[in-house]
Amino acid sequence: MADPDILTTLKILIIGESGVGKSSLLLRFTDDTFDPEQAATIGVDFKVKTLTVDGNKAKLAIWDTAGQERFRTLTPSYYRGAQGVILVYDVCSKSSFNKLDAWLNELETFSTKHDLIKMLVGNKIDQAKREVTKEDGLKFARKHQMLFIEASAKTKEGVQCAFEELVEKIIQTPGLWET
Ligand code: GDP
Ligand code: MG
């Protein structure tokens, strides 16, 4: 049944190194599940979820890399038309943090909307062996004009907020939120 309140579909991407928890964050957000046995290779291509932010209803089409990021074979069509991106690193993996610049370069090369909103997510904060401080995450986000949040797909912390704040910013940005 058509819902007349649904105005806009937003394309949201989740990118970042393999194993940082992209698919887990997506499944936590859309299905409220977490499977610790999930192999890093198993991915989701695409999930749809409706979200209401500040009275605006948005239909989110959230694209996952589905393991392709390991082979550096994400195609331009993956990036095309996206209004928002969630760039994920693992706070327990300095190397995943060090790859953020490369991901931003890729995004810059392929995204068609250069004013798209970027959210940096430091995932796996439930784990003790942290290698990246919150301050380092915040510093990187500020430098690149990104929103920032630390999260855990395992405990749920920060997950809903990450998506909501991203969508809120998209809604506030003329040209991205078109009906
Ligand atoms: P992707 O390759 O970026 O999609 O990463 P996955 O979502 O497949 O997650 C990789 C591994 O990290 C899996 O074993 C997950 O169970 C685990 N994982 C993901 N998010 C978290 C988290 O927030 N905390 C913990 N402790 N493990 C996580
Ligand atoms: Mg995955």
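This is a predicted model: local features need pLDDT of at least 70, side-chain atom pairs count only at pLDDT 80 or more; totals for chains, interfaces and linings use all residues.
Which two strands form a hairpin, and how many residues lie between them?

Residues are numbered from 1 along each chain as its sequence is written, and chains are lettered from A and ligands numbered from 1 in the order in which they are written.

1. The hairpin is formed by β2 and β3, with two residues between them, and Asp 54 in the turn has a positive phi of about 50°. Strands here are DSSP runs of E with at least two residues and helices are runs of H or I with at least four, numbered from the N terminus; two strands pair if DSSP finds at least two bridges between them.

2. Strand β3 (residues 56-63) also pairs with β1 (residues 8-16), in this case in the parallel sense and over six bridges. Within that pairing, Lys 11 has Ala 61 of β3 as its bridge partner.

3. Helix α1 is mostly covered, since eight of its 10 residues are buried (20 or more other C-beta atoms within 10 Å of the residue's own, against 12 or fewer for exposed and partly exposed in between, with C-beta atoms placed from the backbone). Among the buried residues are Lys 22 and Arg 28, together with Leu 25, Leu 26 and Leu 27. They pack against β1, β2, β3, β4 (84-90), β5 and α6, and just after the helix Asp 32 takes a positive phi of about 50°.

4. In helix α5 (residues 134-143), the buried residues are Gly 137, Phe 140 and Ala 141. Because they cover an arc of only 100° around the axis (taken from the directions from the helix axis to the C-beta atoms), they lie on the same side of α5. The face turned away from that buried side carries the exposed residues Glu 135, Lys 139, Arg 142 and Lys 143. What covers the buried residues includes α4 (100-110), β5 (117-123) and β6 (147-150), and α5 is followed by Gln 145, whose phi is positive, near 50°.

5. Leaving aside neighbours within four places in sequence, Leu 166 is in contact (C-beta atoms, placed from the backbone, within 7 Å) with Ile 12, Gly 84, Ile 86, Ile 117, Met 119 and Leu 147.

6. Cys 161 is found in helix α6 (residues 159-172), where it counts as partly exposed because it has 16 C-beta neighbours inside 10 Å. Asp 101, placed in helix α4, counts as exposed because it has 11 such neighbours inside 10 Å.

7. Around ligand 1 there are 18 residues (C-beta atom, placed from the backbone, within 6 Å), of which Gly 21, Lys 22, Ser 23, Ser 24 and Lys 154 come nearest. The largest share of this shell, three residues, comes from helix α1 (residues 22-31).

Definitions and conventions
Two residues are in contact if their C-beta atoms, placed from the backbone, lie within 7 Å.
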